[in-house]
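Me: I have a protein model to study. Can we go through it in short questions and answers?

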Amino acid sequence: ACAAVGARLFVFGGRSNSGRLAPGLYLLDMLSGRWTQPAVAGDAPDLRWGHSMSSYRQWVAVFGGHRKRGCLDDVALLDTEAMAWETPAVVGARPPPRGNHSACVVSDRLWVFGGDSASASVLPNTVWSLPLPKAAASAAAAAAAAEPPRAAATVSWALVSATGEPPPPSCDHAAVVVGARILLLGGSNGEGSYLPLGKVPVFHTDTLSWSWLSCTGRVPGARAGHVAATVSSGGGGSADWRVFVFGGGNSSSGFCDMHALSSDACWEPLPSSTAADAAAQPSATEGAAMAHSGGMLLVCGGYTAAGATRQVYAWGCEPSLAAPAGHG
């Protein structure tokens, strides 16, 4: 998984072709194009794959994932200013352990949907949320200021009692934020069926309710293991936005295509301007990670026909934010 904070891309976890878990935290400085393994204070979370990483203010929130033969339900926060791991003190009931889920941050809360587990296969799309810190109080920051570290804040998960029709159980889907809404895109039921992208489930974090978005245009084929990100011209609002979807696969083939869903609920495929240069294109990829920063979509890692990859590809998305007239 990966997450962008400013001009830095943080990558943590994953697994190789042999199943070995990827070690440590990696940092890509997008201004210099240089990779490093930064020194990070605090207790690092267990290595894992199938987890989520969500950027929030100066933090990156890591949740869940697969570990050996089981799943995880823990939360770790990376303070990207102090470069320190923090572990919130979670009390009360927790979401069932899971991986291959989706998670987003809206209104100072982490929202978690679906996924799969070793014990229950694909999990229902019940909604869990966790409050996140609103001010920095890391041990590393306190030490730098010669202050005693503050005790970790106590937080509790909430199982949301949502109204409306929820999506069916799914894993390997993607979730993106549009204003106060979270759109869930595609995914698999774990038995070879894939959720279509012509009708998209929408969770409203302000009203705690589900609705469905009926889409037009050239709807992408159903898939799982794809990645997605929202680009908005309104500072994250819902007035003018596009959701970009890349890759994934189904039971018969993988995909290396890019599609965009606009704010008028119309899908369109996006041909690459460098399509003539095959070496500059990502192969059909499942299980990659995507982040958006500085007018670029960054696609990192994933599995191709040749196995796991460490490649990172950038897509300039700002020129295509305004959909052309008559698209679809």
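Me: The charged end of Arg223 sits over a ring; which residue owns that ring?
Reply: This is a predicted model. To sit over a ring, CZ of Arg must be within 6 Å of the ring centre. The charged end of Arg223 is 4.0 Å from the centre of its ring, and that ring belongs to Phe255.

Me: How far is the charged end of Lys199 from the centre of the ring of Trp212?
Reply: For Lys the atom to check is NZ, and the limit is again within 6 Å. The charged end of Lys199 does sit over the ring of Trp212. The distance to the ring centre is 5.5 Å.

Me: Now rings with rings. How many aromatic pairs are there?
Reply: Two rings pair if their centres lie within 6.5 Å. By this rule the count is seven.

Me: Is Phe113 buried or exposed? And Phe203?
Reply: Buried means under 20% relative accessible area. Phe113 has 0%. Phe203 also has 0%. Therefore Phe113 counts as buried, and Phe203 likewise counts as buried.

Me: Which residues do ring pairs link into a cluster with Phe113 and Phe203?
Reply: The cluster holds Phe113 and Phe203. Ring pairs tie in two Trp residues as well.

Me: On to the backbone. What is the phi of Asn100?
Reply: Most residues other than glycine have a negative phi. Asn100 is not a glycine, yet its phi is positive. Asn100 is in the loop between strand 9 (89–91) and strand 10 (102–106). Its phi is about 55 degrees.

Me: Asp172 has a positive phi too. Is Asp172 buried, partly exposed or exposed?
Reply: Asp172 lies in the loop between strand 16 (158–159) and strand 17 (174–178). Its relative accessibility is 28%. Buried needs under 20% and exposed needs over 50%. So Asp172 is partly exposed.

Me: Last, the whole protein. What share of its residues count as buried?
Reply: The protein has one helix and 30 strands. The chain has 328 residues. The buried share is 47%.

Technical notes: Residues numbered from 1 in each chain as written. Predicted model: local features only at pLDDT ≥ 70, side-chain atom pairs only at ≥ 80, totals over all residues. Heavy atoms only, no water. Phe/Tyr/Trp six-rings, centres within 6.5 Å; stacked < 30°, edge-to-face > 60°. Buried < 20%, exposed > 50% of the residue type's maximum accessible area, 1.4 Å probe, protein only. Lys NZ or Arg CZ within 6 Å of the ring centre and 35° of its normal. Helix = DSSP H or I, 4+ residues; strand = E, 2+ residues; numbered from the N terminus.
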